[in-house]
Amino acid sequence: MFDLKGKVAVVTGGNGGIGLGMARGLARAGVRVVIAARDEAKSKDAVKELEALGPDARAVATDVTDEAAVRRMVKATLDAFGRLDVLVNNAGTNIRKPPHEVSLAEWRQVLDTNLTSAYLCSHAAYPAMKTAGGGKIVNIGSMMSIFGAGFAPAYAASKGGIVQFTRACASAWARDNIQVNAVLPGWIDTALTRRARQEIPGLHERVLERTPAARWGTIDDMAGIAVFLASPASDFVTGTAIPVDGGYSIQG
Ligand code: NDP
């Protein structure tokens, strides 16, 4: 049920953090992963790491906010591997400022990277999935898909939007046998949250206190959900938003 040998996945932002954790899980299950991110040196290292797990992997330098680059990346995937079964829309960024300090350029940067990118990649991937008779799309939300945060208005808007975009695509594409789900990670130790810990005093302790599992997540905690949502095990699961958060979101 979880054997994904022969499948092909694109993981945006798969060269580090949560994307790499998910890519590792997919590669261990036999998936050939294409990493779509900007930093070519980081992507090259990630490809080496994934290939050491077994299947082929590729990097395609991509800025996911650029429509033409996204189309080129999907074409390069199809040219290299002949199919595209799984799309993980993971690339993301944050600018931590209260709403009255966020400029329009900053707002657009966060929305473009976190939300419009998911539209662009899903839109570009859909024809191949439809032609193949099915596919899996996994969108990465956040605890801020559920909760507000005064220091991250654009991020919260983008991550709320991801959940609604997920539901819309799930509904539109169910008859094409394409399942679309969102994953809402809790606080996972990555470059993004290391920066947050520096910028927000007390964050580290607050996360530990509120998380029932009493720890930060690791990127490898994200592997299992990626495999589940990419596999036939989730064929009747669509439009959901699944927290992977050590219980953070159920704590009163
Ligand atoms: P990282 O900063 O470690 O990784 C972000 C990734 O996104 C990098 O691989 C980066 O690659 C890529 N990326 C950023 N902008 C672009 C772009 N314009 N085009 C292509 N790739 C881009 O962060 P995380 O791993 O923590 O975050 C991954 C996702 O998980 C994000 O969507 C984030 O919002 C979400 N998330 C993270 C949580 C956490 O606790 N860490 C909690 C909830 C959600 P490159 O720079 O090479 O382009």
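**View 1. How helices α3 and α4 cross.** In this predicted model, helix α3 (residues 67-81) and helix α4 (residues 104-132) have axes that come within 9 Å and cross at roughly 35 degrees. Helices here are DSSP runs (H or I, at least four residues), numbered from the N terminus. Each axis is a line fitted to C-alpha atoms over the stretch in contact, with angles running from 0 to 180 degrees between N-to-C directions. The crossing is right-handed, meaning that the near helix is turned clockwise from the far one by less than a right angle.

**View 2. Who touches whom between α3 and α4.** On the α3 side you'll find Glu67, Val70, Arg71, Met73, Val74 and Leu78, and they meet Leu120, Cys121, His123, Ala124, Ala125 and Ala128 of α4. Contact means heavy atoms within 4.5 Å. Sort these residues and you get nine nonpolar, one polar and two charged. Ala, Val, Leu, Ile, Met, Phe, Trp, Tyr, Cys and Pro count as nonpolar, Asp, Glu, Lys and Arg as charged, and the others, Gly among them, as polar.

View 3. A polar contact is a pair of N or O atoms within 3.5 Å. Arg38 puts a polar side-chain atom 2.7 Å from a ligand oxygen atom, and Thr190 has one 2.6 Å from a ligand oxygen atom.

**View 4. The shell around the ligand.** There are 28 residues around the ligand, with Asn15, Arg38, Tyr155, Ile188 and Thr190 coming nearest; to be near, a residue needs a heavy atom within 4 Å. The shell holds eleven nonpolar, 13 polar and four charged residues. Helix α6 gives the largest share, three residues.

**Notes.** Residues are numbered from 1 along each chain as its sequence is written, and side-chain values use heavy atoms, leaving out hydrogens and water. Local features need pLDDT of at least 70 and side-chain atom pairs count only at pLDDT 80 or more, while totals for chains, interfaces and linings use all residues of this predicted model.

Note on methods: Helices (H or I, at least four residues) and strands (E, at least two) are DSSP runs, numbered from the N terminus. A polar contact is a pair of N or O atoms within 3.5 Å; within protein, one must be able to donate a hydrogen and the other to accept it, and residues adjacent in sequence count only if both atoms are side-chain atoms.
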